[in-house]
Amino acid sequence: MPVALCTMSHSPLMGRNDPDASIVAEVDAAFADARAFIADFAPDLVVIFAPDHYNGVFYDLLPPFCIGAAAQSVGDYGTQAGPLDVDRDAAYRIARTVLAAGVDTAFSERMHVDHGFAQALELLTGSITAVPTVPIFINSVGEPLCPVSRIRLLGNAVGQAAAALDRRVLLVGSGGLSHDPPVPRLDTAPPPVRETLISGRNPTPEQRAAREQRVIDAGRDFAAGVATIQPLNPGWDRNLLTVLASGELDEIDSWTNDWFVEQAGHSSHEVRTWIAAYAALAAQGAYRVRSSYYRPIPEWIAGFAVTTALPE
Ligand SMILES: O=C(O)CCC(=O)/C=C/C=C(\O)C(=O)O
Ligand SMILES: [Fe+2]
């Protein structure tokens, strides 16, 4: 069945701590191109891989993956709040195929998602309900993480499931390339923050505003060159884009989780969502990258990229 792919970095700092207007215009043009590509493809199902940033998934029960049969967006960083238009039947069909392939995904009838999903759906399709969706959470933040080889297997199984649906499926991956924004970590967080990582659902508006302001401040400091967070790594980012475009995805299996962090920062694990989306596309045979935009954008704490691809 027809498939197409669009992968994109997300950043909660878009619109909150923008780079020079010429760079914003360049990114806007990349998204306009992606939207035109998607409109031309006319998907009737979006399968989106995205991470969570301790808004929907916590250490009280932290699976490596979760497929949502129903989901709602928490509306962080000004993204749309409320239910996604989840295609429940497609979610179950995909989950059955993934489990049959030996990839032990979790499954949710009440998934909570954050800007990782909502920003991508809004930017690419116009809203969180524009096109029926199957949201697939990939843990990219809460260590310990599974080896990245499992992500390729997940993506492959999702791609096989997508092929068996009689639908026009857009595969989306949402996450930054090299970047190390201030996402708290369980082993270093002070006790009150640690508790929010374990069970922090539904923060008060004041708590949410304080969290968001901390990230915005970090973006300002990073762009000013005074933040203590890890630099972006454009060389690493470009190599990743080259590998994804080459179709030689099994090369990625040898990349260790520690190497991701050393090279590209903790949140570079978010490229798991790209790897899954490309592996899903590869499940249907050879593919061709149709467009690839990249720029390191310190104001957004992001190696920022947008790609589109189609089967050959
Ligand atoms: O404050 C927190 O708990 C989480 C911070 C946060 O949500 C940061 C998000 C950053 C990205 O999504 C990103 O750069 O990819
Ligand atoms: Fe993120």
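Which residues are buried in α7? In this predicted model, the list for α7 runs to W236, D237, L240, L241, V243 and L244. These residues share one side of α7, because they cover an arc of only 165° around the axis. As for what sits over the buried residues of α7, the cover includes α8 (257–264), α9, β10 (287–297) and β11 (302–311).

Just past α7 comes G247, with a positive phi of about 85°.

On to the packing. The largest nonpolar core counts 52 residues, and V47, F49, I94, V134, I136 and L154 have the most contacts inside it. Helix α9 (residues 272–282) supplies the largest share of this core, eight residues. A separate core of 48 residues lies apart from it, with M14, A30, F41 and V46 among its members.

The iron ion (ligand 2) has H10 (NE2), H53 (NE2) and E270 (OE) as its protein donors, at 2.0 to 2.1 Å. Along the chain, the donors are spaced as H-x42-H-x216-E. H10 sits in the loop between β1 (3–8) and α1 (21–41), while H53 is 43 residues away in the loop between β2 (45–50) and β3 (65–68). Both histidines, H10 and H53, are buried.

Technical notes
Residues are numbered from 1 along each chain as its sequence is written. Chains are lettered from A and ligands numbered from 1 in the order in which they are written. This is a predicted model: local features need pLDDT of at least 70, side-chain atom pairs count only at pLDDT 80 or more; totals for chains, interfaces and linings use all residues. Side-chain values use heavy atoms; hydrogens and water are left out. A nonpolar core is a set of buried Ala, Val, Leu, Ile, Met, Phe, Trp, Tyr and Cys residues joined through side-chain atoms within 4.5 Å. Buried means under 20% relative accessible area, exposed over 50%, partly exposed in between (1.4 Å probe, protein chains only). Helices (H or I, at least four residues) and strands (E, at least two) are DSSP runs, numbered from the N terminus. Donors are N, O and S atoms within 2.8 Å of the metal (3.2 Å for Na, K and Ca); water is not among the atoms, so sites may look incomplete. The arc is that of the directions from the helix axis to the C-beta atoms. Contact means heavy atoms within 4.5 Å.
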